[in-house]
Structure formats: structure tokens, C-alpha cells
Amino acid sequence: MKIRLLAVGTRMPSWISEGYEDYAKRLTDDVRLELVEIPAGKRGKQVDLVRLTEKEGEAQLAAIGNGDRVIALNVGGRSLSTEELSEMLGRWLQEGRNISLLIGGPEGLSPAAVARADQQWSLSPLTLPHPLVRVLLAEQLYRAWTLLKGHPYHR
């Protein structure tokens, strides 16, 4: 199964890229993690942020694979414990579909992206910097996978 992070933003700080890559490479053949960066629109004083977010959402929607289960990362989504995420990951593996996780930019996800999602997931009630979400997601997916495999990483 492939889990694709469709994340708005490019040119992340090196610690973000390194953190994400560290966890992504730990996953084995049954779960592969792939990052797809969606270019963020140029922000400024005269920019229509609603339209900019819509364009970012259109690019995310275009990047979703055929038949993928789509999950929007959204503060209003369902919170999961690590054990619940591990159980969900196990169901995803049994289902055999690839997963597209949508990570918005500074203004969040477009309404169209949220509407397309099969479910919404909240990592925290806190507002998190969107680059940091990549690292946090990769680590939590790895942790959930280690629980499924009986690996001692999750103590």
C-alpha cells in the first residue's frame, strides 16, 4: 500500500525534509510513504487568499490517485490515539487501496479538498505549522505500523 502526503508547500527547511525522510525510509514494502509537494501560491498584500487556496486545492485534487481513500488533515476532524491509528492502518492494509492524505497550506485546505475527503483527521486541537505536519504524520504512521508488526518502537 502506498500512502501519499499531498502537501502544499515546497522548499522546506532541511530539518523538516530530514525528519520526514528519516521516518519514511523506515517503512517497508507493505507500507510505502511518498511525499507529493503542491506548489503554494505566492502570497502578498493584494492576493485573493480564497482564490489562492482554491487553486492549491485544485492541484491537490488532481494529484489524488484513482481509487485512493482520501483523508483531509483538518483541525475539525476526528482525533485518534496511536492505537486507533494503528487499527485504522491495519484496515487500510486489508482494504488494499492507496491513501492520499491532504495537508493544506497556511490558510488550510480548500473547501473542495475537504468535500472530496472520505474522512477528516485532526492531529491536534492546536494549530500546527503545515511543514511540521509532514514530520509528525510520518512519525505517527511509522509508530502505528510498528504496533501492527509487534515492533518495540512504541513503548
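Trainee: Which strands and which helix each supply at least two residues of the lining of the largest pocket?

Mentor: They are strand S3 (69–79), strand S5 (119–122) and helix H5 (130–149). The model is a predicted one, in which local features need pLDDT of at least 70, side-chain atom pairs count only at pLDDT 80 or more, and totals for chains, interfaces and linings use all residues. Residues are numbered from 1 along each chain as its sequence is written, and side-chain values use heavy atoms, with hydrogens and water left out.

Trainee: Why is the chain called as compact as a globular protein of its length?

Mentor: Its five helices and five strands follow one another as β-α-β-α-β-α-β-α-β-α from the N terminus. The radius of gyration is 15 Å, close to the 15 Å that the globule rule gives for 155 residues, so the chain is as compact as a globular protein of that length. The radius is taken over C-alpha atoms, and the rule is 2.2 Å times the number of residues to the power 0.38. Along its principal axes, the C-alpha trace spans about 55 × 30 × 25 Å.

Trainee: Which residues of H1 are buried, and how do you know that they share one side?

Mentor: In H1 (residues 14–24), the buried residues are Ile16, Gly19, Tyr20, Tyr23 and Ala24. Because they cover an arc of only 125 degrees around the axis, they lie on the same side of H1; the arc is that of the directions from the helix axis to the C-beta atoms. Trp15 and Glu18, on the other side, are exposed. Strand S1 (2–8), strand S2 (32–38) and H5 are among the elements covering the buried residues.

Trainee: Why do glycine 77 and isoleucine 64 count as buried?

Mentor: Buried means under 20% relative accessible area, exposed over 50%, and partly exposed in between, with a 1.4 Å probe and protein chains only. Glycine 77 has 16% relative accessibility and therefore counts as buried; isoleucine 64, at 13%, also counts as buried. Glycine 77 lies in S3, and beyond four places in sequence it is in contact (heavy atoms within 4.5 Å) with Gln120, Trp121 and Ser122. Isoleucine 64 is in the loop between helix H2 (49–63) and S3; its contacts beyond four places are Arg4, Leu6, Val70, Ser100, Leu102 and Arg116.

Trainee: Which term applies to arginine 26, and which to arginine 11?

Mentor: Arginine 26, in the loop between H1 and S2, has 32% relative accessibility and therefore counts as partly exposed. It touches Tyr142, Trp145 and Tyr153, not counting residues up to four places away in sequence. Arginine 11, with a relative accessible area of 78%, is exposed; its place is the loop between S1 and H1.

Trainee: What is the phi of arginine 11?

Mentor: Arginine 11 has a positive phi of about 55 degrees although it is not a glycine. Most residues other than glycine have a negative phi.
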